[in-house]
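Here is a friendly walk through a few local features of one protein model. Please have the sequence and the 3D view open as you read.

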Amino acid sequence: MLTIKRVPTVVSNYQEEGSTEPIGCGRNCLGKCCLHVSKLPLYGFSSNPNSPKSDVFLSQILLAQWEERMERGLFRYDVTACETKVIPGPQGFIAQLNEGRHLKKRPTEFRVDRVLQPFDPAKFNFTKVGQEEVLFQFENGDAVNNSYFLERAAVDPTKAPNVVAINVSPIEYGHVLLIPRVLDCYPQRIDQESLLLALYMAAEASNPYFRLGYNSLGAFATINHLHFQAYYLNVQFPVEKAMTEMITLAGQSGVSENGVKVSKLVNYPVRGIVFTEGKSMNDLAEVVANACICLQENNIPFNVLISDCGRRIYLFPQCYAEKQALGEVSQELLDTQVNPAVWEISGHIVLKRRTDYEEASEASAWRLLAEVSLSEERFEEVKAYIFDATGLVEIKDEVKKDEEKEEQFEGNVVEPMVTPCFQEGCLVLQ
């Protein structure tokens with residue numbers, strides 16, 4: 001069992017709302033005037049798929065620095081003291097009791113009915129984060145064709161750095177933020193370059209217990225500054241164990257021309273699309289990014305889970321905030337104060353009240369997540385938008401039925417989740 005020393009909680013070095021102090025002046029933060037004269041640790045990753053991968057990146061660098069920030073008291077609370085359990089039932093939903101997070105977490109400062117909103121420098125953003133919260137820069141190190149780590153490296157003045165920083169209101173052990181090109185101040189708007197960076201981080205980790213997530217505006221992102229989240233949990237998420245039904249595409253062996261396979265979740269409370277494989281990581285990133293861009297441009301909130309070391313991506317269009325605004329969510333669910341973002345949708349549910357935690361059941365978890373999901377009719381409409389935007393062509397049911405008769409098959413083709421060979425994880429559930 002991993003034991004982590006509990007430390008006093010202090011408030012992070014965030015600029016206070018309403019402060020007139022210029023960003024980056026005298027605060028040792030990530031503003032341009034501070035960062036470009038600073039030296040930060042640098043992790044250089046290799047985008048070469050043939051370069052050797054290990055879990056050294058996570059176990060010895062990211063976690064060591066995360067724990068060091070914990071000892072320095074940079075977190076708002078001690079997440080390692082939070083109780084966690086697996087709820088009995090076939091799905092195996094995971095419940096965590098975190099009574100302080102909703103009180104100490106930064107509130108949302110923008111509209112929740114628009115997925116795309118311009119970046120507002122007056123509101124909180126990651127240029128206001130103290131440099132002590134940054135673990136390292138995360139940059140492509142293909143110049144040496146191998147991964148490496150430097151304890152001190154100058155920030156390249158010609159381009160904004162990608163940085164990995166702690167989440168001061170963590171959900172789990174090792175909870176960090178990946179902030180692409182932090183000084184360019186992109187709004188929370190996914191594109192191929194940023195998604196590919198997240199996939200590289202997942203691949204570099206080479207650990208199936210380390211997942212990355214993305215929440216769009218309107219799907220419970222709380223900061224309108226481009227970022228992904230990531231943390232460890234050494235059990236499979238329920239969504240990773242859920243069955244998937246392969247969608248047959250027009251192409252060789254029913255997959256896209258670039259080798260990407262597309263499936264949809266079966267018997268899971270939230271309807272979602274699953275993308276796997278691809279001839280290269282670039283191919284997978286291109287298809288999924290185009291799908292996300294389509295949702296953004298059509299003002300459809302969504303969440304993304306990057307799983308299986310970057311080889312499997314779950315895309316969840318959702319409507320919970322819309323239902324809240326329309327008064328269609330029951331008071332019982334509203335009283336839980338659970339905002340179902342990517343981690344909750346994946347089956348790791350953070351509960352704010354002890355009563356909810358003690359009474360948690362598979363039925364209650366299912367009821368909550370079912371409110372997140374699009375209806376079957378709406379989901380099929382959105383799936384059609386996505387296929388049109390990505391250039392994927394689904395073979396319709398009539399064609400599939402004819403093929404099944406010829407091959408003497410009946411029913412749907414179901415593709416089970418391939419369970420990875422899990423290594424020994426770093427988190428022990430309490």
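## Two residues with positive phi

Q337 sits in the loop between α8 (331-335) and α9. This is a predicted model, and in it Q337 has a positive phi of about 60° although it is not a glycine. With a relative accessible area of 38%, Q337 is partly exposed.

R181 is another residue to look at: its phi is positive, about 45°, and it is not a glycine either. You will find R181 in the loop between β7 (176-179) and α4. Is R181 buried or exposed? Its relative accessibility is 15%, so R181 counts as buried, the cut-off being under 20%.

## Helix α4 against helix α6

Next, please turn to helix α4 (residues 192-205) and helix α6 (residues 281-297), whose axes come within 9 Å and cross at roughly 130°. Because of that angle, α4 is oblique to α6. The crossing of α4 and α6 is right-handed.

Which residues make the contact? On the α4 side they are Q192, L195, L196, L199, Y200 and A203. From α6 come M281, N282, A285, E286, V288 and A289. Sorted by class, the contact of α4 with α6 has nine nonpolar residues, two polar ones and one charged one.

## Helix α6 against helix α12

Helix α6 also crosses helix α12 (residues 376-390): their axes come within 8 Å, at an angle of roughly 125°. That angle makes α6 oblique to α12. This crossing of α6 and α12 is right-handed.

Here α6 contributes V287, N290, A291, C294 and L295 to the contact, while α12 brings V382, Y385, I386, A389 and T390. By class, the contact of α6 with α12 has eight nonpolar and two polar residues, and no charged ones.

## Aromatic pairs

How many aromatic pairs does the structure hold? There are 18. One of them joins F45 and Y200, with 5.2 Å from centre to centre and 35° between the planes, a tilted pair. It links distant parts of the chain: F45 belongs to strand β1 (residues 39-45) and Y200 to helix α4, and the two are 155 residues apart. F45 counts as buried because its relative accessibility is 3%. Y200 counts as buried too, at 12% relative accessibility.

Another pair brings together Y231 and W343, with ring centres 4.2 Å apart and planes at 45°, so this pair is tilted. It again links distant parts of the chain, with Y231 in strand β9 (residues 228-232) and W343 in helix α9 (residues 342-345), 112 residues apart. Y231 has a relative accessibility of 1% and therefore counts as buried. W343 is buried as well, with a relative accessible area of 1%.

## An aromatic cluster

Which residues do ring pairs link into a cluster? They are Y43, F45, F136, F138, F149 and Y200.

Key
Residues numbered from 1 in each chain as written. Predicted model: local features only at pLDDT ≥ 70, side-chain atom pairs only at ≥ 80, totals over all residues. Heavy atoms only, no water. Axes fitted to C-alpha atoms, helices over the stretch in contact; angles between N-to-C directions. Helix = DSSP H or I, 4+ residues; strand = E, 2+ residues; numbered from the N terminus. Parallel < 35°, antiparallel > 145°, perpendicular 65-115°, else oblique. Left-handed = near helix turned anticlockwise from the far one by under 90°. Contact = heavy atoms within 4.5 Å. Nonpolar A, V, L, I, M, F, W, Y, C, P; charged D, E, K, R; others polar. Phe/Tyr/Trp six-rings, centres within 6.5 Å; stacked < 30°, edge-to-face > 60°. Buried < 20%, exposed > 50% of the residue type's maximum accessible area, 1.4 Å probe, protein only.
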